[in-house]
Amino acid sequence: MQWHDTGFVLAARRHGESALIVELLTREHGRHSGLVRGGQSPRARAILQPGNEVAAAWRGRLDEHLGTIGCELVRAHAARILDDAGRLAGLTSAAALVCTALPWEQDLLGALGFGLDLGRCTVSGVTSDLAYVSPRTGRAVSRTAGLPYHDKLLRLPEFLWRDTPADEAQLVLGMTLTGYFLVHHVFAPQSRPLPAARTRLEDRMRQAAVAANIGALEMPRSSFYSG
(Lines give C-alpha, C1' and ligand atoms only; values in the text may rest on other atoms or scores of the structure.)
Protein backbone atom coordinates (compact mmCIF):
# COMPACT_ATOMS: atom_id res chain seq x y z
CA MET A 1 0.00 0.00 0.00
CA GLN A 2 1.28 3.47 -0.84
CA TRP A 3 0.01 6.93 -1.67
CA HIS A 4 1.24 10.44 -2.41
CA ASP A 5 -0.48 13.55 -1.11
CA THR A 6 0.07 17.11 0.12
CA GLY A 7 -0.75 18.31 3.60
CA PHE A 8 0.21 20.25 6.70
CA VAL A 9 2.33 19.09 9.61
CA LEU A 10 0.29 18.97 12.82
CA ALA A 11 2.81 17.47 15.23
CA ALA A 12 5.98 15.41 15.41
CA ARG A 13 7.22 13.37 18.37
CA ARG A 14 10.42 11.44 18.99
CA HIS A 15 10.50 7.71 18.33
CA GLY A 16 13.61 5.78 19.26
CA GLU A 17 17.02 7.31 18.78
CA SER A 18 16.64 8.92 15.37
CA ALA A 19 13.06 8.70 14.06
CA LEU A 20 9.95 10.84 14.47
CA ILE A 21 6.27 9.96 14.30
CA VAL A 22 4.66 12.77 12.35
CA GLU A 23 0.97 13.72 12.20
CA LEU A 24 -0.25 15.27 8.94
CA LEU A 25 -3.55 16.73 7.77
CA THR A 26 -3.59 15.75 4.09
CA ARG A 27 -5.76 16.83 1.18
CA GLU A 28 -6.97 13.36 0.11
CA HIS A 29 -6.28 11.11 3.12
CA GLY A 30 -7.38 13.27 6.04
CA ARG A 31 -5.40 13.14 9.24
CA HIS A 32 -2.66 10.55 8.93
CA SER A 33 0.47 9.61 10.84
CA GLY A 34 3.64 7.77 9.90
CA LEU A 35 7.21 7.07 10.88
CA VAL A 36 9.88 9.37 9.48
CA ARG A 37 13.22 7.60 9.56
CA GLY A 38 16.04 9.99 10.45
CA GLY A 39 13.41 12.55 11.39
CA GLN A 40 15.45 13.88 14.31
CA SER A 41 18.16 15.26 12.05
CA PRO A 42 18.35 19.09 11.91
CA ARG A 43 17.23 19.15 8.26
CA ALA A 44 14.23 16.90 8.84
CA ARG A 45 13.12 18.73 12.01
CA ALA A 46 13.20 22.04 10.12
CA ILE A 47 10.79 20.53 7.57
CA LEU A 48 8.50 18.88 10.14
CA GLN A 49 7.53 22.03 12.05
CA PRO A 50 3.79 22.42 12.83
CA GLY A 51 2.07 24.41 10.11
CA ASN A 52 4.55 23.64 7.32
CA GLU A 53 3.10 22.38 4.04
CA VAL A 54 4.72 19.21 2.74
CA ALA A 55 4.49 16.69 -0.08
CA ALA A 56 4.16 13.29 1.58
CA ALA A 57 4.76 9.75 0.35
CA TRP A 58 3.31 7.05 2.65
CA ARG A 59 4.05 3.32 2.51
CA GLY A 60 2.75 0.46 4.64
CA ARG A 61 1.59 -3.13 4.48
CA LEU A 62 -2.01 -2.17 5.27
CA ASP A 63 -3.76 1.18 5.22
CA GLU A 64 -4.50 1.03 8.97
CA HIS A 65 -0.83 0.40 9.82
CA LEU A 66 1.46 3.22 10.95
CA GLY A 67 3.67 2.90 7.88
CA THR A 68 6.52 5.21 6.93
CA ILE A 69 6.28 8.72 5.52
CA GLY A 70 8.76 10.69 3.47
CA CYS A 71 8.17 14.46 3.47
CA GLU A 72 9.46 17.17 1.16
CA LEU A 73 8.92 20.82 2.04
CA VAL A 74 6.44 22.78 -0.08
CA ARG A 75 6.02 25.96 2.00
CA ALA A 76 7.76 26.79 5.29
CA HIS A 77 4.92 28.65 6.99
CA ALA A 78 6.45 28.25 10.45
CA ALA A 79 9.77 29.84 9.40
CA ARG A 80 8.01 32.87 7.88
CA ILE A 81 6.46 33.87 11.21
CA LEU A 82 9.23 32.68 13.52
CA ASP A 83 9.87 36.24 14.75
CA ASP A 84 6.16 36.98 15.32
CA ALA A 85 5.32 35.36 18.66
CA GLY A 86 1.59 36.05 18.39
CA ARG A 87 1.12 34.58 14.92
CA LEU A 88 3.37 31.65 15.78
CA ALA A 89 1.25 30.92 18.87
CA GLY A 90 -1.88 31.03 16.70
CA LEU A 91 -0.39 28.59 14.18
CA THR A 92 0.73 26.22 16.94
CA SER A 93 -2.71 26.37 18.56
CA ALA A 94 -4.51 25.61 15.28
CA ALA A 95 -2.26 22.62 14.60
CA ALA A 96 -2.73 21.28 18.14
CA LEU A 97 -6.53 21.65 17.92
CA VAL A 98 -6.73 19.75 14.64
CA CYS A 99 -4.33 17.08 15.87
CA THR A 100 -6.27 16.56 19.11
CA ALA A 101 -9.85 16.99 17.92
CA LEU A 102 -9.94 15.22 14.57
CA PRO A 103 -10.23 11.43 14.34
CA TRP A 104 -9.11 9.76 11.15
CA GLU A 105 -12.05 10.50 8.84
CA GLN A 106 -11.12 13.29 6.44
CA ASP A 107 -14.70 14.61 6.16
CA LEU A 108 -15.21 14.90 9.92
CA LEU A 109 -15.38 18.70 10.03
CA GLY A 110 -18.36 18.75 7.69
CA ALA A 111 -20.05 15.87 9.51
CA LEU A 112 -19.72 17.35 13.00
CA GLY A 113 -22.05 20.27 12.28
CA PHE A 114 -20.95 22.36 15.24
CA GLY A 115 -21.01 25.68 13.38
CA LEU A 116 -22.30 28.77 15.15
CA ASP A 117 -25.34 30.65 13.79
CA LEU A 118 -24.47 34.32 14.29
CA GLY A 119 -26.49 35.98 11.53
CA ARG A 120 -29.67 36.85 13.43
CA CYS A 121 -31.23 36.76 16.88
CA THR A 122 -32.70 33.35 17.63
CA VAL A 123 -35.42 34.98 19.79
CA SER A 124 -36.62 37.96 17.74
CA GLY A 125 -35.07 37.39 14.31
CA VAL A 126 -33.42 40.83 14.20
CA THR A 127 -30.05 41.14 12.51
CA SER A 128 -28.73 44.18 14.41
CA ASP A 129 -27.27 44.79 17.89
CA LEU A 130 -26.36 41.15 18.44
CA ALA A 131 -24.54 40.82 21.74
CA TYR A 132 -24.79 37.26 23.06
CA VAL A 133 -24.67 33.60 22.04
CA SER A 134 -26.77 30.84 23.57
CA PRO A 135 -24.44 28.22 25.13
CA ARG A 136 -27.06 25.58 24.42
CA THR A 137 -27.78 26.22 20.73
CA GLY A 138 -24.79 28.26 19.52
CA ARG A 139 -27.15 30.89 18.08
CA ALA A 140 -26.91 34.65 18.41
CA VAL A 141 -29.14 36.66 20.75
CA SER A 142 -29.76 40.42 20.50
CA ARG A 143 -28.85 42.77 23.35
CA THR A 144 -32.52 43.50 24.13
CA ALA A 145 -33.66 39.87 24.09
CA GLY A 146 -30.65 38.64 26.02
CA LEU A 147 -30.43 41.32 28.69
CA PRO A 148 -32.62 39.48 31.24
CA TYR A 149 -30.42 36.39 30.86
CA HIS A 150 -27.06 38.05 30.22
CA ASP A 151 -25.36 36.18 33.09
CA LYS A 152 -26.25 32.83 31.45
CA LEU A 153 -25.23 33.76 27.90
CA LEU A 154 -21.86 33.97 26.17
CA ARG A 155 -20.70 37.37 24.93
CA LEU A 156 -20.55 37.85 21.16
CA PRO A 157 -17.81 40.13 19.81
CA GLU A 158 -18.90 42.38 16.96
CA PHE A 159 -16.28 41.20 14.47
CA LEU A 160 -17.86 37.72 14.41
CA TRP A 161 -21.23 38.92 13.12
CA ARG A 162 -20.42 42.05 11.11
CA ASP A 163 -17.44 43.51 9.30
CA THR A 164 -15.78 45.59 12.00
CA PRO A 165 -12.17 45.81 13.22
CA ALA A 166 -11.28 43.66 16.22
CA ASP A 167 -9.09 44.98 19.01
CA GLU A 168 -7.33 42.80 21.58
CA ALA A 169 -10.32 42.69 23.93
CA GLN A 170 -12.66 41.62 21.12
CA LEU A 171 -10.27 38.86 20.08
CA VAL A 172 -10.21 37.54 23.65
CA LEU A 173 -14.02 37.41 23.64
CA GLY A 174 -13.89 35.46 20.39
CA MET A 175 -11.39 32.99 21.82
CA THR A 176 -13.53 32.51 24.92
CA LEU A 177 -16.63 31.92 22.81
CA THR A 178 -15.11 29.36 20.46
CA GLY A 179 -13.24 27.74 23.34
CA TYR A 180 -16.50 27.06 25.13
CA PHE A 181 -17.95 25.11 22.20
CA LEU A 182 -14.68 23.31 21.53
CA VAL A 183 -14.63 22.08 25.13
CA HIS A 184 -18.28 21.07 25.33
CA HIS A 185 -18.76 19.56 21.86
CA VAL A 186 -15.34 18.19 20.93
CA PHE A 187 -13.09 17.61 23.93
CA ALA A 188 -15.41 16.91 26.87
CA PRO A 189 -17.01 13.89 25.11
CA GLN A 190 -13.48 12.50 24.82
CA SER A 191 -12.69 13.36 28.47
CA ARG A 192 -9.86 15.56 27.25
CA PRO A 193 -8.98 19.21 27.95
CA LEU A 194 -8.23 21.90 25.40
CA PRO A 195 -4.72 21.48 23.98
CA ALA A 196 -2.11 23.37 25.97
CA ALA A 197 -1.12 25.36 22.87
CA ARG A 198 -4.70 26.67 22.54
CA THR A 199 -4.75 27.67 26.22
CA ARG A 200 -1.40 29.43 25.88
CA LEU A 201 -2.66 31.36 22.85
CA GLU A 202 -5.72 32.63 24.74
CA ASP A 203 -3.55 33.60 27.73
CA ARG A 204 -1.19 35.50 25.42
CA MET A 205 -4.08 37.37 23.83
CA ARG A 206 -5.58 38.17 27.23
CA GLN A 207 -2.26 39.63 28.39
CA ALA A 208 -2.05 41.70 25.21
CA ALA A 209 -5.55 43.04 25.84
CA VAL A 210 -4.65 44.04 29.40
CA ALA A 211 -1.45 45.72 28.20
CA ALA A 212 -3.32 47.62 25.47
CA ASN A 213 -5.91 48.80 27.99
CA ILE A 214 -3.21 50.01 30.38
CA GLY A 215 -1.48 51.80 27.51
CA ALA A 216 -4.72 53.52 26.51
CA LEU A 217 -5.25 54.72 30.07
CA GLU A 218 -1.71 56.02 30.38
CA MET A 219 -1.63 57.83 27.03
CA PRO A 220 -3.64 60.93 28.07
CA ARG A 221 -1.46 61.27 31.15
CA SER A 222 1.71 61.11 29.04
CA SER A 223 0.30 63.65 26.62
CA PHE A 224 -0.61 65.94 29.49
CA TYR A 225 2.87 65.85 30.99
CA SER A 226 4.56 66.25 27.63
CA GLY A 227 2.58 69.43 27.08
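Let's start with R31 and E23, whose side chains form a salt bridge with N and O 3.2 Å apart. By salt bridge I mean a side-chain nitrogen of Lys or Arg within 4 Å of a carboxyl oxygen of Asp or Glu. R31 is buried at 12% relative accessible area, and E23 is buried too, at 7%. For the cut-offs, buried is under 20% relative accessible area, exposed is over 50%, and partly exposed is in between, with a 1.4 Å probe and protein chains only.

A quick word on what you're looking at. This is a predicted model, where local features need pLDDT of at least 70 and side-chain atom pairs count only at pLDDT 80 or more, while totals for chains, interfaces and linings use all residues. Residues are numbered from 1 along each chain as its sequence is written, and side-chain values use heavy atoms, with hydrogens and water left out.

Back to the charges: how many salt bridges does the structure hold? There are eight. One of them pairs E158 with R162, at 2.8 Å from N to O. Both partners are partly exposed, E158 at 30% relative accessibility and R162 at 41%.

Another pair is R75 and E53, with their closest N and O atoms 3.0 Å apart. That pair links distant parts of the chain, since R75 sits in strand β5 and E53 in strand β4 (residues 53-59), 22 residues apart. Strands here are DSSP runs of E with at least two residues, helices are runs of H or I with at least four, and both are numbered from the N terminus. R75 is partly exposed at 45%, whereas E53 is buried at 12%.

Staying in strand β5, which spans residues 68-75, we find L73. L73 is partly exposed, at 41% relative accessibility. Which residues does L73 touch, leaving aside those up to four places away in sequence? They are I47, N52, E53 and V54, where contact means heavy atoms within 4.5 Å.

Now for helix α6, residues 168-187, whose buried residues include V172, L173, L177 and F181. D167 caps the N-terminal end of α6, with a side-chain oxygen 3.2 Å from the backbone nitrogen of A169.

Last, the cysteines. C71 is buried at 12%, and C121 is buried at 2%. The structure holds zero disulfides, a disulfide being a pair of cysteine sulfur atoms within 2.5 Å. Thanks, everyone!

Methods
A polar contact is a pair of N or O atoms within 3.5 Å; within protein, one must be able to donate a hydrogen and the other to accept it, and residues adjacent in sequence count only if both atoms are side-chain atoms.
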